[in-house]
Amino acid sequence: MISERELERRLELARQNRELEPAFFRCLLDAKVYAHAPVSDDHPRLRLLQFRHPDGFLAVPFFTSLEKARPPTGIAAKIVPLQGRQFLELTHGAAVMLNPNDGGCVLYPEEIAALLEHQTVARVEKFDPEAQAPFFVRKECEPPAWLISELITLYEGLPFVEMAYLLNVAPSEHPEQYTFLIAVGVAKEHAERTARATITALQSAVAKADIPLDLTSFDPAQGLPDYLRRPGAMRIFGPRE
């Protein structure tokens, strides 16, 4: 089993170079990690402590070393050593956060499922239309049917997603360089999880189909962005206007 020092070295390398993230997460599955459990708990099954993340959701903390796992003063918890895979299986359905006191990373349920099944986590880089150079929306989107089906199935399982659009966009200066753009209507506190869940669900199929795809989100409470009012913006999920 990999040592604590080596695990933390690989984590730091992955932070500096995102290309190394897949190798780190594969390593994490077989490494020893540490979690917090109640000091006194007579429940027959192991129960782990959660904390409220600054973004508002509950997360189960876990740690790469015994030293990092030491509870802060005033927190009554015992440290439980587990194999990485065992920890992720025990926390199935919950969000987890690695080394929360040391700039750690969050893994959402959809990412954990992919990591356990495929030993990898998708890389997410979101697209911000408002910050890009001028672009136009093609009047004919014409996405593949499987893409719409996959997105509808995904967003039906994410109750915080209110609506989603699919567009075919291209830079104004290079109209031949088109890409499909998914625009998801979701409250700000759920935008990160939605983006990661979307990329996790689509990454393999998009790579096989070799189609360009970008992702953005908007808060429906702030109204519909102007680019979604253009002809060619196809609403694929949520109530019709």
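Mentor: Let us first settle a term: two strands pair if DSSP finds at least two bridges between them. Please bear in mind that this is a predicted model.

Trainee: Which residue in S3 stands opposite Tyr-34?

Mentor: Strand S3 spans residues 58-63, and two bridges join S1 to S3. The two strands run antiparallel. The residue in S3 that stands opposite Tyr-34 is Phe-63.

Trainee: Over how many bridges do S1 and S4 pair?

Mentor: Strand S4 covers residues 78-83 and pairs with S1 in the antiparallel sense. Within this pairing, Val-33 stands opposite Leu-82 in S4. The number of bridges between S1 and S4 is six.

Trainee: Is S1 largely enclosed by the rest of the structure or largely open, and how many of its six residues are buried?

Mentor: Buried here means under 20% relative accessible area. Strand S1, residues 32-37, is largely enclosed by the rest of the structure, because its buried residues number five of the six.

Trainee: Within what arc do the buried residues of H1 fall, seen down the axis?

Mentor: The buried residues of helix H1 are Leu-7, Leu-11 and Ala-14. An α-helix has 3.6 residues a turn, so residues three or four places apart point the same way. The buried residues of H1 therefore line one face of the helix, within an arc of 65°.

Trainee: Against which elements do the buried residues of H1 pack?

Mentor: The face of H1 turned away from its buried side carries the exposed residues Arg-5 and Gln-16. The buried residues of H1 pack against helix H2 (21-30), S1 and strand S5 (95-98).

How values were computed: Residues numbered from 1 in each chain as written. Predicted model: local features only at pLDDT ≥ 70, side-chain atom pairs only at ≥ 80, totals over all residues. Heavy atoms only, no water. Buried < 20%, exposed > 50% of the residue type's maximum accessible area, 1.4 Å probe, protein only. Helix = DSSP H or I, 4+ residues; strand = E, 2+ residues; numbered from the N terminus. Arc of directions from axis to C-beta. Contact = heavy atoms within 4.5 Å.
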